Amino acid sequence: MKRLLLSLALIAATLGLNAQVELMAPPKLLEAADITLVSCTGNAQTRQVVINLTLNPRNFMLNANISGGWEGRAYDAVGTQHKLRRVIPSGTLHQSNIPQGIPCTFQFGIEGVDPKTPMLKSVVLPFHVSADGFLAHSGNSAPIEFRNVPIAWEKPEGKTFIRIPFEMMGVIDFQIVSCTGDKANGLVTLELTTTCNLGGETRMALGASREDKAFDNAGNVYEVTTQRMQIDRAPQNTPLKYTMNITMPSDTKEIKVLRIDYYYTNDQSDWACRRHDDTGMIELHNLQIEWR
């Protein structure tokens, strides 16, 4: 194993510091490509951390598979292990025919990180890199490893926030339009929109599942009903609108957590990187109810 000290030059607005991150990787791989950790940012509200790195071929065109086929992982200072998941769209499973001198971006996400965690002591990334006459892969040993990676925790923008799966990051924008309540019948109406950032036609369904639940600050659980959309297909940058209803006591000031099921397909998505059956859950936190 060959040790290199990499200067982690991060934009001041993002990290506000410079740090030395240690890279460990097989010499054969380092001779073929430059590997750079670009950033490691965390969201204190969602407890999600996103790691960006680039691979830049030195001498010839490469095919690269990082953290695919084997499990990527990260460890904090007390030894807690976190699984790494690819962030879509730039964290694809496999990058084909990467030209010499052109950096290729990979993104990985970690769930459930304590916002008080200042750094990741180790980030381990199995890999498989190949080209004509060249092959380097980690197998069960000698992966790419970054050590002493500082986490730049972003400041919360507001009390209300949306927690989305890594598979949806950079693909779908979620927007809360309104959350209003009718005091006469205790009916809370929530309006949301989703907008796809990828080309091609998107099919997006949100809600209308038995898994949809709302929770108040006292831990009470409420059923969520979704009004059927008139349109569930849309081209790029065209919003789809959703309306959901929840019956709650009229003295409830906020919805602590709202869990909503989603279904998503797009003909230009990387099929190998989407979740099984393109389904998952999003969470909306601290929704303020405007009673009328």
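These are my notebook entries on one predicted model.

**Ground rules**

I worked on a predicted model, in which local features need pLDDT of at least 70, side-chain atom pairs count only at pLDDT 80 or more, and totals for chains, interfaces and linings use all residues. Residues are numbered from 1 along each chain as its sequence is written, and side-chain values use heavy atoms, with hydrogens and water left out.

**Whole chain**

I then checked burial. Of the 292 residues, 48% count as buried. Buried means under 20% relative accessible area with a 1.4 Å probe, protein chains only.

The accessible surface comes to about 14,600 Å². Carbon and sulfur atoms hold 48% of that surface. The areas come from the Shrake-Rupley method with a 1.4 Å probe.

Residues 24 or more positions apart account for 70% of them.

**Largest pocket**

I noted a volume of about 600 Å³ for the largest pocket. A pocket here is an open set of points on a 1 Å grid over the protein atoms alone, where a 1.4 Å probe fits, with protein on both sides within 12 Å along at least five of seven lines. Grid points are joined across faces, edges and corners, and the volume is the space filled by probe spheres set on the points.

I listed 21 lining residues. A lining residue has an atom within 4 Å of a point. Asn-43, Thr-46, Glu-157, Phe-161 and Ile-162 lie nearest the centre of the pocket. Two or more lining residues come from each of β3 (33-43), β4 (48-57), β16 (161-163) and β17 (172-182). β17 gives the most, with four residues.

By class, I have 10 nonpolar, seven polar and four charged residues in the lining. Asp, Glu, Lys and Arg count as charged; Gly counts as polar.

**β17 and its partners**

I followed β17 next. It pairs with β18 (residues 187-196) in the antiparallel sense over 10 bridges. Pairing takes at least two DSSP bridges between the strands. Cys-179 has Leu-190 as its bridge partner, and Ile-176 stands opposite Leu-192.

The β17-β18 hairpin has four residues between the strands. There Gly-186 takes a positive phi near 70°.

β17 also runs parallel to β27 (residues 290-291), joined by two bridges. Thr-180 stands opposite Glu-290 there.

I moved on to β18. Seven of its 10 residues are buried, so β18 is largely enclosed by the rest of the structure. β18 also pairs with β24 (residues 240-247), antiparallel, over eight bridges. Leu-187 stands opposite Thr-247.

**Five-stranded sheet**

I traced an open sheet in the order β8-β10-β4-β3-β15, with mixed pairing. β8 (85-86) and β15 (152-154) stand at the edges with a single partner strand each, so one side of each has no neighbour in the sheet. β8 pairs with β10 (residues 104-110) in the antiparallel sense over two bridges. Arg-86 stands opposite Phe-108.

Terms used
Buried < 20%, exposed > 50% of the residue type's maximum accessible area, 1.4 Å probe, protein only. Contact = heavy atoms within 4.5 Å.
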